[in-house]
Amino acid sequence: MARIDIAEKQAASEADAWRGVPAADPQPVALPEPPSRPVGRLLLRAASRLYARLAGGQTLATAFAEERAHGHFLLFVPVFLGAGAALWFSAASDPSPYALILLACAALWPALRLRHRESLVALAAGGAFLIPLGMLLAAAETTRLGTVILDTPVTTEVRGRVLSRESDDRGAIRYRIALETTHEPTLKRPPDVVTLLARSRHAPIAIGDDITGRARLGPPSGPALAGLNDFTFDAYFAGTGAVGYFYSAPTATTAREPGLYDRMRQRIAAWRNNLTEHIRGRIGGDAGAIAAALVTAEQRAIGEETVEALRQAGLAHVLAISGLNMVLAAGTFLVGARMLMALVPGFAERYPAKKLAAAGALIMVTLYILVSGGAISAVRSWIMICVMLVAVLFGRAAISLRNVAISAILILLVTPSAVTNPGFQMSYAATLGLVAGYAAWRERPVQRESQGGPFALFGGAAGRFFGGLILSSLIGGFATLIYSIGHFHRIPAYGLAGNLLAMPVISIIVMPFGLIAVLLMPFGLDAIPFAIMGKGIEWMIALSTWVAGWKGEIVTGRIPEIAFLLIGIGGGLVCILRTRLRHAGTLLILGGILVACWSGQGTRPEVLVSEDGRLVAVLRDGKAATNRARPPDFIYAQWRRALRLAELLKPEIRKTAGLTVDADKVDAEKRDPATTARQRRPRREADREKAKAAMAAAFETARTRDGFICEAKAFCAAVSPSGWRIVALEDLAFLGTACDGADLVIVPVAIRLEACRSGVRLITTRHLRKTGTLEIQPADGQAHSSLNDARFVPAIETLQRPWSRHRTYDWRSGTYEGEKADESAQKSLTVPSSASGS
């Protein structure tokens, strides 16, 4: 008991010393009566000591009052609005707008009544009103857009108006087209806007002209795995209803006279395109493509190797028009304009040079956002810098968390879907962390030391510049770390080194001379500034390539959504709050880290099937065996990072006599179509026994070695770690053989069979259209479970949202399937159907 009393007194005295209370006037924290058992009493004393250290004797009411005094409750307005929008987008079906309106109206009165209270109840009342409001804003944006997404791939003749175009490093041009007509066939449900790639060499079609050509259209792809980015969702809110390519060079036709709004959009798009081509003409190679990306955000012309080097060096953020670009551009203009005005004798004394420079910078960044494409990160930066510059005009503080909150509120009011965008999340996380971090740095207790000593070399302007660079890189890296892991499943290990090496070049050479070149462009004096800018970008590329050569990329894999949310919310609270209430955010971060670590050894899939059914992978011991020697990088790269796959095992290709049609025979059949139907069917019947033997031999080989065993142009066979025999068909003539000898048959064709006649599971593109990519996991805790007990995890969680409903559309009848279409799709995978035929 004596030791406990001494510990209690010591904890109280430490708490008093922490908050500056004299030792002679202690104020112990009131605690409930301790339990009779010694263990409970010790735990209670430990909790009191922890509370004394964290709270420092500060009550909740005092902490809330201090937060309100600093205006921090305004910072929760975009948090609640964003949370409401995120809840609406993540719902399984559209929430009732009438229920949301009633909920918001019911919460409005208590929110108004309690708006001046300094308590958690007042904050909760505000959230009860703002969260339904955010959901209503999300519903309004979705209804306003109403993007029509193509339901199934189709080849048709398209005609439309060119809205914009981009060229890549190989000369291919990607057109964004406002679709007007289609024929051969005529689509019953045509999308409004499509994006088509033209690989054939041709004269670029001008923006605003009409374009026509034979094209292959398809819906935007869904998530590569459950929980990964849904590109259909992004396309819906970007207004893109289909993607595809032209079979040959498209042709230009006479365009009709557009309206005023269309003319304005075309003029801005033409400015952007001409500026891009001019910069790439002044600076060649990847340096010119990066220079154009820094001004107009068109990145397609940058080589893949250069992009990957920048990403591994932690410099991929430089390519996006974001706060860095906007701040450097506005800061360069602001400083340069004030210096020029200071050179005029008597001008600075007569006129407010600072405000005039701020007004000029405001006009400059507005023109910048017009030609930069309007990405979320660019719009956020533009709004925030406009708020800062307006604050300068009115003599107010330019940089504050309030400005960050105002820009977020404006974006969420207009485009609440931005809250799901990785660029929006990372941009605001970095900005919030930098503003809060520098505020804490300014308010730190400073102890005056002697100016001499061994560290005097690092003082002065150079020391402040490099110290600020190191601090900014550290804060920005840690603030966006969880979003890099959650969305991209990898982080650059040497990102700090890459930023420290390259950012001085970007800040001192690239962005300032780029701004000077753009300002001098109307006078034809931009050649030298662009040359200097290009040289700086070449140095940046060389530095990023050097850092990327260290091979420091860390692949993290998927983390649970709850861990992502806990760490993200906790980090936001740590940055927003300034009292010891922020330690609630610290606890959330620790909880999210624990969840991420403990759930890292969950059930892993054994089989992956892509959305189109053409790529199948069998996973074993961190290795992936695929049925294609060169899997599409767009899909496989996401699989590799999300599942931390170490090695790709290519298939073994065989050519069994009688299974593959000879080229001479194919040419003969093409020359004599009348004999094609008579020859092909008997040949396939004669090959059935050979196919059965070849498939059995492939399974036998696959049991002793990892990987697929493929018969060229016929099928690929593999055996999973649980012993499932898997066949990925390429020729439907062998469907019956596969159904007789395998446990799982995958067909990349939309046939009408639901299952094999033998009861074997059959996956076709008709199934995959409603499920997206499939993960097949063994039963929990079973090393060699049956396929009947396996868990099929679809990437598409629901078909009842506007951006996924096109998957239930039947173009033959022109109608949608019932509300339980997604449930029937799941049943077709888990319960063998009685449909006959194989």
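A crossing of two helices is left-handed if the near helix is turned anticlockwise from the far one by less than a right angle, and right-handed if clockwise.

## Basis of the description

This is a predicted model, in which local features need pLDDT of at least 70 and side-chain atom pairs count only at pLDDT 80 or more, while totals for chains, interfaces and linings use all residues. Residues are numbered from 1 along each chain as its sequence is written, and side-chain values use heavy atoms, with hydrogens and water left out.

Helices (H or I, at least four residues) and strands (E, at least two) are DSSP runs, numbered from the N terminus. Helix H4 spans residues 76-90 and includes phenylalanine 76. The relative accessible area of phenylalanine 76 is 8%, and this residue is therefore buried (under 20%; exposed is over 50% and partly exposed lies in between, with a 1.4 Å probe and protein chains only). Apart from neighbours within four places in sequence, phenylalanine 76 is in contact with Leu123, Leu573, Ile576 and Leu577, contact meaning heavy atoms within 4.5 Å. Phenylalanine 76 and isoleucine 576 are separated by 500 residues in sequence, yet their C-alpha atoms are 8.4 Å apart.

The axes of H4 and helix H15 (residues 401-414) come within 8 Å and cross at roughly 30°. Axes are lines fitted to C-alpha atoms, for helices over the stretch in contact, and angles run from 0 to 180 degrees between N-to-C directions. H4 is thus roughly parallel to H15; angles under 35 degrees count as roughly parallel, over 145 as roughly antiparallel, 65 to 115 as roughly perpendicular and the rest as oblique. H4 passes H15 in a left-handed crossing. On the H4 side the contact is made by Val77, Pro78, Leu81 and Gly82, and on the H15 side by Ala405, Ala408, Ile409 and Leu412. These residues divide into seven nonpolar, one polar and no charged, where Ala, Val, Leu, Ile, Met, Phe, Trp, Tyr, Cys and Pro count as nonpolar, Asp, Glu, Lys and Arg as charged, and the others, Gly among them, as polar.

## Helices H19 and H20

Helix H19 (residues 495-520) packs with helix H20 (residues 527-548) at an angle of about 160°, the axes being 8 Å apart. H19 is accordingly roughly antiparallel to H20. H19 passes H20 in a left-handed crossing, and the residues of their contact comprise 21 nonpolar, three polar and no charged.

## The sheet from E12 to E20

Six strands form an open sheet of mixed pairing in the order E12-E11-E10-E9-E19-E20; two strands pair if DSSP finds at least two bridges between them. Strand E12 (647-649) and strand E20 (791-794) stand at the edges with a single partner strand each, so one side of each lacks a neighbour in the sheet. Neighbouring strands are turned by 25° against each other on average, direction ignored.

Strand E19 (residues 774-777) pairs with E20 in the antiparallel sense over four bridges, and glutamate 775 stands opposite valine 793 in E20. Helix H23 (residues 633-643) packs on this sheet, touching strand E9 (607-609), strand E10 (616-620), strand E11 (623-626) and E12. The direction of H23 makes about 145° with that of E9.

Strand E16 (residues 725-729) and strand E17 (residues 744-747) pair in the parallel sense over three bridges, with alanine 728 opposite isoleucine 746 in E17.
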